[in-house]
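Let's take a friendly walk through this protein, from its strands out to its loops. Keep the view open as you read.

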Amino acid sequence: MKTWDLDPSHNYLFGFHPHGIFTAGAFGNFCSAYSDFKDLFPGFTVYLHVLQCWFYCPLFREYLMSNGAVSVSKESLSYVLSQEGGGNISVIVLGGAKEALDAHPGKLTLVIRPRKGFIKIALTHGAHLVPVFSFGENDLFKQINNPEGSWLRTVQEKLQKIMGFSLPLFHARGIFQYSFGFIPYRKPIHTVVGRPIPVQQTLHPTPEQIEELHQTYMEELRKLFEEHKGKYGIPEHETLIFK
C-alpha cells in the first residue's frame, strides 16, 4: 500500500515492522514479483537485508541472493546506500530475532527503542528513512505462550544470544487440515509504506543527532499505524508497544 511518492534520485532505508515468525510480508513484497511494488515505486532496486548466517547455507544462500536478499552487515548496508544516482532501497526488519519471540496473533509489541544503528547509517549516507508496517504479519502462525520471565523465554533468549537467531515454537495448519501443522494460516498481509523522513547527510553524527532522528522515526511509525489500523481490523483502543 503506497501512501507517498518516493524520488528515485535518492536512496532510502525502509524500516520494516513487525518481524513476525518468518517476515513473510517483507519477502513477499520486496523479494518477489507477487505484489505491485515495482509498479507503485518505479525506478528502484530493492534489497532485503537478512542475517549473515543464512549465507552460510549452500543452495539456500543462492535462493536468497537470486531474490535480492543481502547481508544486514554494516558493510553491506553502506555499500547499497552509498551508490551515487539514488534508486536503491535497503529494507531492514528492525525488530530482528528478538521481536520474533513476541510474534503472537493480536500482539503489537515492537523492539525498536535500542535499535539505533540504522539511524547512524542513514545519517552517514544521507538515506531518507521510511517506516513500513505490515498488518497481519503476526497472524500467520500461533506461538507457544512464552511470557517474559518464563523458563521457555529465558531459554529462547539465551539461545538467541549464542546463535544470533531465535527459535520461536510456532504452529499453524496442515496441508489438508487446520488442526496442526507448519503451513501458515490463510490470513491477508497488508504492507503499508509510510511517508519518507528527509535525512541530511552527516558523516560523523553525534549521539544527540542520532537520538533526535530516532525519536522522529518512532513518532512517524506510530502515526502510520494509527492512520491505517482501522482499515485492517485493529480496534481503536489498540496501539503499538515500543520495547
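## A strand covered on both faces

Strand E6 has cover on both of its faces: His128, Val130, Val132 and Ser134 are buried on one side, and Leu129, Pro131, Phe133 and Phe135 are buried on the other. Buried here means under 20% relative accessible area, exposed means over 50%, and partly exposed lies in between, using a 1.4 Å probe and protein chains only. In a regular strand the side chains alternate between the two faces of the sheet. Since eight of the eight residues of E6 (residues 128–135) are buried, this strand is largely enclosed by the rest of the structure.

A word on what you are looking at: this is a predicted model, where local features need pLDDT of at least 70 and side-chain atom pairs count only at pLDDT 80 or more, while totals for chains, interfaces and linings use all residues. Residues are numbered from 1 along each chain as its sequence is written, and side-chain values use heavy atoms, with hydrogens and water left out.

## How the strands pair

The protein has eight helices and ten strands; helices (H or I, at least four residues) and strands (E, at least two) are DSSP runs numbered from the N terminus. Two strands pair if DSSP finds at least two bridges between them. E6 pairs in the parallel sense with strand E1 (residues 12–17) over six bridges, and Pro131 of E6 is the bridge partner of Gly15. E6 also pairs with strand E9 (residues 190–193), this time in the antiparallel sense over four bridges. There, His190 in E9 is the bridge partner of Phe135.

Strand E2 (residues 45–50) runs parallel to strand E4 (residues 88–93), joined by five bridges, with Val46 partnered by Ile89 in E4. E2 also runs parallel to strand E3 (residues 69–71), with three bridges between them; Val50 stands opposite Ser71 in E3.

## Helix H6 and its cover

Which residues of helix H6 (residues 117–125) are buried? They are Phe118, Ile119, Ile121, Ala122 and Leu123. Their cover includes E1, helix H4 (74–81), E4, E6 and helix H8 (207–228). After H6 comes Gly126, with a positive phi near 65 degrees.

## Loops worth a look

Most residues other than glycine have a negative phi, and most peptide bonds are trans. The loop between E1 and helix H1 (24–30) holds Pro18, and the peptide bond from His17 to Pro18 is cis, with omega near -15 degrees. Thr23 is found in the loop between E1 and H1 and has a positive phi near 50 degrees. Thr23 counts as buried because its relative accessibility is 14%.

Leu59 sits in the loop between E2 and helix H3 (60–66). Its phi is positive, about 75 degrees, although Leu59 is not a glycine. Is Leu59 buried or exposed? At 70% relative accessibility, Leu59 counts as exposed.

## The protein as a whole

With 243 residues, a compact globule would have a radius of gyration near 18 Å, and the protein agrees at 18 Å. That radius is taken over C-alpha atoms, and the globule rule is 2.2 Å times the number of residues to the power 0.38. Buried residues make up 48% of the 243 residues.

Contact means heavy atoms within 4.5 Å. Of the contacts with a separation of 6 or more, 73% come from residues 24 or more positions apart.
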